[in-house]
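Here are a few friendly notes to read alongside the model. Take them one at a time, and keep the view open as you go.

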Amino acid sequence: MLSLRVKLLVLALVATPFVAGVAQGRGNSKPKPRANALAADESSCNADQAAEVARARAEGRPVPPGLEKKNCEGVPVTPPAPVPPPPTLPPPPSSPPVGPHEARGIVFEDLDGNGLRDPFAGEMGLAGWGLELWWNGQVLATTTTDVDGNFVFPSLGNSTYSVCVVAQGGYRQTLPIGGSGCGGAGYTFSFNSQFMTWSVNNFGMMLQ
C-alpha cells in the first residue's frame, strides 16, 4: 500500500511542470511578428492611398489608377502608358527668299476665245489689270499691267510661288483653264537655280 502511494506521488511530481508549462504557454500566446508587420504595412498603405486620393480630388486632378484599390499585398499597379507629345512642325519662314528670278506675263484680249494670243488678229494686251503674287499662303506682292498688258514680279528667290489675275466684270477667262494655281485660274511654279530664270504666266480674257 505504501509502495502504491509513493508511485502516485512521484507521477504527480513529474506531471506538474508539464501541465504548468502548457498553461503558461496558452496564457502568454502572442501574434507572430510577421503578421504584425503586414497589418502595420497595410494600415500605412491604406492611409497613404486615402491621403493621395483626397489630395488629387481637392486639386481637381484625376485620381491615379490603382490608388482607389487595395494595393498593399505586393501586387504592383501598372502605370498608364505615357502619351507622346504631338509632333512639332517647323515654323514657316518669316520672310521670302530674294534672288534673281522673275515672274512675268501678259494679260491679253482673246477675241476668238481659243486661249491663244494672236497679235496679228488684233488680240492686244489689256492695261490696268491687277495681278497677285502668292507665297507661303499669303499675298507677297501685287502689280498692274502696263499699257501693253505686260507685268513682272522681280527679285524672286528659290522657292514656290503662284501668280493669280484679279478678275474684272464683263470678261470671261480663257487662259489658263484648269491652271496649276489659284484654284485653276492661275499658275504655280518653283525656282531652283543660281542663275536668273523667268516664269511666263499669260492670261487670256474674252469680252462677254
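1. Of the 208 residues in the protein chain, 23% are buried, meaning under 20% relative accessible area, with exposed set at over 50% and partly exposed in between (1.4 Å probe, protein chains only). Please keep in mind that this is a predicted model, where local features need pLDDT of at least 70, side-chain atom pairs count only at pLDDT 80 or more, and totals for chains, interfaces and linings use all residues. Residues are numbered from 1 along each chain as its sequence is written, and side-chain values use heavy atoms, leaving out hydrogens and water.

2. The protein chain has two helices and nine strands; these are DSSP runs numbered from the N terminus, with helices (H or I) of at least four residues and strands (E) of at least two. Along the sequence the pattern reads α-α-β-β-β-β-β-β-β-β-β.

3. Now look for the open sheet, where four antiparallel strands run in the order β3-β2-β5-β7. Strands count as paired if DSSP finds at least two bridges between them. At the edges are β3 (138-144) and β7 (187-190), each with a single partner strand, so one side of each has no neighbour in the sheet. From one strand to the next, the twist averages 25°, using lines fitted to C-alpha atoms and angles from 0 to 180 degrees between N-to-C directions.

4. Zoom in on β2 (residues 130-135), which pairs with β3 in the antiparallel sense over six bridges. Trp-134 has Val-139 in β3 as its bridge partner.

5. Finally, find Val-200 in strand β8 (residues 198-200). Val-200 counts as exposed because its relative accessibility is 54%.
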